[in-house]
Amino acid sequence: MSLVKPFDKLPTLNSAAILLVGTDESQQQQLAEAILKEKKIFKINIHVATSLPLPAERDHIRPRIDLIVFMINMQSKHSLRNVEASLSHMDANFFLGKVCFLITGVGRMNHCSVEMNAVRKLGNLYCSPVLFCELDSEGIRVATAQRLLRMLQICAGHVPGVSALFFSSLMKSSIDE
């Protein structure tokens with residue numbers, strides 16, 4: 001098992017890679033399909049994992065990962081614990097704008113087993129944006145895919161004059177300060 005590092009490989013021209021990490025494989029698949037349906041000007045590699053670390057034996061063929069999306073389901077404490085355990089297998093440089101937390105199941109707040117404060121603290125602790133969505137709704141899934149696609153474009157360096165670190169500072173809430 002190897003530590004996931006953001007700058008250990010050279011970027012690929014007109015290409016970007018996103019890693020979706022979470023315990024709900026069906027939601028990962030739905031989100032991946034929504035991202036691939038969107039109009040884009042670069043090639044996208046979407047990788048999914050239930051947790052980190054990633055297997056070391058495939059490291060030599062794995063592309064550079066430009067954005068990691070940790071998916072947390074509000075109805076599953078296991079989902080939150082899985083993400084918390086995975087975070088220790090990442091290089092600290094990833095938290096310079098190349099990580100976000102995607103919180104799903106927010107439309108059913110009366111069935112939540114994860115505290116909202118725990119999710120917000122996670123975002124603050126790792127200086128990473130927290131996005132809330134309901135992937136069961138087609139419209140919200142498409143909007144989330146568009147938002148992640150734009151974030152991926154920035155994180156991969158395809159937007160002149162905007163870096164991932166600058167973008168993540170714009171995503172921070174003014175309430176945090």
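Biologist: In this predicted model, is the crossing of helix 1 and helix 4 left-handed or right-handed?
Modeller: As the model is predicted, local features need pLDDT of at least 70 and side-chain atom pairs count only at pLDDT 80 or more, while totals for chains, interfaces and linings use all residues. Residues are numbered from 1 along each chain as its sequence is written, and side-chain values use heavy atoms, with hydrogens and water left out. A crossing is left-handed if the near helix is turned anticlockwise from the far one by less than a right angle, and right-handed if clockwise; for helix 1 and helix 4 it is right-handed.

Biologist: At what angle do the axes of helix 1 and helix 4 cross?
Modeller: Helix 1 covers residues 25–37 and helix 4 covers residues 138–155, as DSSP runs numbered from the N terminus (helices H or I, at least four residues; strands E, at least two). Their axes, which are lines fitted to C-alpha atoms over the stretch in contact, with angles from 0 to 180 degrees between N-to-C directions, come within 9 Å of each other. The two helices are therefore roughly perpendicular (65 to 115 degrees), and the crossing angle is roughly 70 degrees.

Biologist: Which residues of helix 4 make the contact with helix 1?
Modeller: Contact means heavy atoms within 4.5 Å, and helix 1 brings Gln 30, Leu 31, Ala 34 and Ile 35 to it. From helix 4 come Arg 141, Thr 144, Ala 145, Leu 148 and Leu 149.

Biologist: What is the volume of the largest cavity?
Modeller: On a 1 Å grid over the protein atoms alone, a cavity is a set of points where a 1.4 Å probe fits but cannot get out, and lining residues have an atom within 4 Å of a point. Among the residues lining the largest cavity are Gly 22, Asp 24, Met 71 and Thr 104, and strand 3 gives the largest share of this lining, three residues. With points joined across faces, edges and corners, the space filled by probe spheres set on them is about 50 Å³ for the largest cavity.

Definitions and conventions:
Angles under 35 degrees count as roughly parallel, over 145 as roughly antiparallel, 65 to 115 as roughly perpendicular and the rest as oblique. On a 1 Å grid over the protein atoms alone, a cavity is a set of points where a 1.4 Å probe fits but cannot get out, and a pocket is an open set with protein on both sides within 12 Å along at least five of seven lines; lining residues have an atom within 4 Å of a point.
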